[in-house]
Amino acid sequence: MASHRKSRPVGTRVAGIRTPALATAALTSVALLSQSANAAPADDRPSLEEVEKKVDDLYRQAESATDNYNAAKEKTATQRKQVDTLLDDVARRTEKLNEAREELGSFAAAQYRTGAGASGTATFLLADTPQDYFDQTQLMGRLTNRQKGAVDDYVSEQSATMKKRQEASQSLQTLTETQSDLKTAKATVQKKLADAREMLSELTAQEKARLAAIEKRKQEEAARKAAELAQQQAAAEKAAQETTAPQESTSTATDSSYATKAAKALAFVRAQIGKPYVWGATGPDSYDCSGLTQAAWKAAGVDLPRVTYDQVNAGTTVSLADAQPGDLVFFYDDISHVGLYIGNGMMIHAPKPGAYVREESIYYDGESAIHSVVRPA
């Protein structure tokens, strides 16, 4: 007898329930979507090396902006003195002009009392300038030589006063523009520093430890290169001593004079170790990089410009191999950093915001970062 039982549909058992083929495909899709949703999102955060590079770049940009700030600040101070001098000059000239006007007024009053040229005197007093009136009337012919001299002095003083007033007005406008540049540079510095702090604050404790390890490796490599330079310089100095004639040359005397000044600069800069870096600071409690080198050489009796891109031109450029203690070592293509060379491949500098004046290898950021070496005296 034939069976009347229907054949079971092909399917898959899920949780004890048989499911048709279409439902099986749907469940598979749901499972895949669920796995995708639960998967960890792709980590698009920058690597620690990238973070370090970005932070260092921000600090360098802040230091470059600091130089712009320092330059604008120095320029503002100079322009303010010029404006004050011009305004004082205008005030003195205005006083003299008033005195001349009073003298002319007394002449006119005297003529009026004697009845000589009364109408002409009135016209004279109403004229914009004495010369305007004299070009149109015969009053000059009625004046004595003394009176004519007084008029000439008045006209000359009025012209000079107007010129000084124009100069003062232009100087004030220039000062206003420079103050605007100063404000912009200050805002740029603060923005770069804030960006750097924000990037560092987002690091985990583990990432900060790894970043410190990267920095340590860089310092070790910088120390190694500094030691190599020290050996090279020592060998070169020994060879020079062996080949130099016993008599003292002009060059030797010059070197001795420089060494004396450099020793004073070095003594000063060593006394500043441990003081904080502060942008725009020139001491005595804190410094930025060029403020430190300027103060150090000032202690040796040598005046250096305020900012790095002026200091780099304030002396003789020498090769790195010929660097001597006291020389200035400049960094980066934009010449945004400077340190004072102390010998053996080392320098003392004010590194960056958040750091302190310290002794460090001139290779702290790699050999390619070194721009030039300058002997300032």
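Reader: Which residue lies over the face of Tyr 363?

Author: This is a predicted model: local features need pLDDT of at least 70, side-chain atom pairs count only at pLDDT 80 or more, and totals for chains, interfaces and linings use all residues. Numbering runs from 1 along each chain as its sequence is written, and side-chain values use heavy atoms, leaving out hydrogens and water. A charge sits over a ring if NZ of Lys or CZ of Arg is within 6 Å of the ring centre and within 35 degrees of the ring normal. At 5.3 Å from the ring centre of Tyr 363, the residue is Lys 225.

Reader: How far from the ring centre of Tyr 258 is the charged end of Arg 375?

Author: The charged end of Arg 375 sits over the ring of Tyr 258. Its distance from the ring centre is 5.4 Å.

Reader: What kind of aromatic pair do Phe 331 and Tyr 364 make?

Author: Rings of Phe, Tyr and Trp (its six-membered ring) pair if their centres lie within 6.5 Å; planes under 30 degrees apart are stacked, over 60 edge-to-face, the rest tilted. The structure holds four such pairs. In one of them, Phe 331 and Tyr 364 have ring centres 5.3 Å apart and planes at 70 degrees, so the pair is edge-to-face.

Reader: Are Phe 331 and Tyr 364 buried or exposed?

Author: Buried means under 20% relative accessible area, exposed over 50%, and partly exposed in between (1.4 Å probe, protein chains only). By that cut-off, both Phe 331 and Tyr 364 are buried.

Reader: Which residues form one aromatic cluster?

Author: Phe 331 and Tyr 364 belong to the cluster. With Tyr 332 included, the members are Phe 331, Tyr 364 and Tyr 332.
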